[in-house]
Amino acid sequence: MLGVDIRTMTDDEFAQMRQAFADHGVIFLRDQDITPEEHIAFAERWGQINVNRFFTAHDDHPKIAMVVKEPDQTHNIGGGWHADHSYDVEPALGSILVARELPVTGGDTAFASMYAAYEGLDPDLKAHVDTLHAVHSAHHIFGSKSFYGNREDQSQGRIGNADKADRLPDVIHPVVITHPLSGRKALYVNPGFTISIQGMSEEDSKAMLEQLYLHAVQPEFTHEFDWKPGSIAFWDNRAVWHSARNDYQGQRRVMHRITIEGCALSA
Ligand code: SIN
């Protein structure tokens, strides 16, 4: 969105932004010179803030989750396609990511529209997936047996609370949701947190998910966002996937993320 300053946005501009957010599932803002307090104030216009259980919080602002990669860390956070918090009973509405320190090159974030992916499915497959439910989990990403749970050097200062992730029950959501803001149908499985399709054999479930994932990341459904100082991306976790590119080894990247609470999802 161009020509808007989120610090002084009028109710009218906010209504336009809400419509753009519902229509596209992600909005990008440039040249926003905001403080952490203004980031929090903007987020609170959208809903209640979810204080992240697994990410390291900002030293002075616990509502802000730090998304950091230090020069000596090889793995980035969010480096595969995923939708934040799909492992929750009431998955988060969305996340507002603010660029704070960027690598000289690289570090883009890619987005994939799950509205477009659903609409682009073959009609028979669409009718089939409309009837399905899937299981989502945080264990393999944030739990004690996950990569971060086992690699202190990579998790240090970034990811914690593995025991909390271990205790989090897996949840079930429809494979296709009716989006609570737009009323449109969207595909709601993701490679990060969806572990199986309910009621299918492991083999069939894996094959079905792989088919959907391959379909969803076709270039016509995706967009790559090139961060600049002052950039903000605000995405809807129920409408898009995102994936942070890890192509800036040896450089530092620091982002501030605030996530907004969502609601239960239905077909
Ligand atoms: C995330 O998955 O929230 C991180 C995205 C990014 O750092 O670009």
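## Basis of the report

In this report a residue is called buried when its relative accessible area is under 20%, exposed when it is over 50%, and partly exposed in between, with a 1.4 Å probe and protein chains only. The structure is a predicted model, in which local features need pLDDT of at least 70 and side-chain atom pairs count only at pLDDT 80 or more, while totals for chains, interfaces and linings use all residues. Residues are numbered from 1 along each chain as its sequence is written, and side-chain values use heavy atoms, with hydrogens and water left out.

Helices (H or I, at least four residues) and strands (E, at least two) are DSSP runs, numbered from the N terminus.

## Helix α1

Helix α1 covers residues 11–24. Its 14 residues, at 1.5 Å a residue, should span 20 Å, and the end C-alpha atoms are 20 Å apart, which agrees; the expected span is 1.5 Å times one less than the number of residues. After α1 comes G25, with a positive phi near 80°.

F14, M17, A20, F21 and A22 are the buried residues of α1. Their cover includes β1 (26–29), α2 (36–44), α3 (114–119) and β12 (232–236), where contact means heavy atoms within 4.5 Å.

## Aromatic pairs

Rings of Phe, Tyr and Trp (its six-membered ring) pair if their centres lie within 6.5 Å; planes under 30 degrees apart count as stacked, over 60 as edge-to-face and the rest as tilted. The structure holds 14 such aromatic pairs. One of them joins F54 and Y87, a tilted pair with 6.2 Å centre to centre and 55° between the planes. This pair links distant parts of the chain, 33 residues apart: F54 is in the loop between β2 (49–50) and β3 (65–69), and Y87 is in the loop between β3 and β4 (94–101). F54 and Y87 are both buried.

F111 and W235 also form a tilted pair, at 5.6 Å centre to centre and 55° between the planes. F111 belongs to strand β5 (residues 109–113) and W235 to strand β12, so the pair ties together parts that are 124 residues apart in sequence. F111 and W235 are each buried.

## Pocket and cavity

On a 1 Å grid over the protein atoms alone, a cavity is a set of points where a 1.4 Å probe fits but cannot get out, and a pocket is an open set with protein on both sides within 12 Å along at least five of seven lines; lining residues have an atom within 4 Å of a point. Grid points are joined across faces, edges and corners, and a volume is the space filled by probe spheres set on the points. The largest pocket has a volume of about 470 Å³. Of its 30 lining residues, I77, G78, G79, H82 and I141 are the closest to its centre. Two or more lining residues come from each of α5 (139–142), α6 (147–150), β13 (240–244) and β14 (253–260), and α5 gives the most, with three. The lining has 14 nonpolar, 13 polar and three charged residues; Ala, Val, Leu, Ile, Met, Phe, Trp, Tyr, Cys and Pro count as nonpolar, Asp, Glu, Lys and Arg as charged, and the others, Gly among them, as polar.

There is one cavity of 30 Å³ or more. The largest cavity holds about 50 Å³ of space, and the residues lining it include N50, F55, K63 and R257.

## Residue P229

P229 is placed in the loop between β11 (222–225) and β12. P229 counts as exposed, at 71% relative accessibility.
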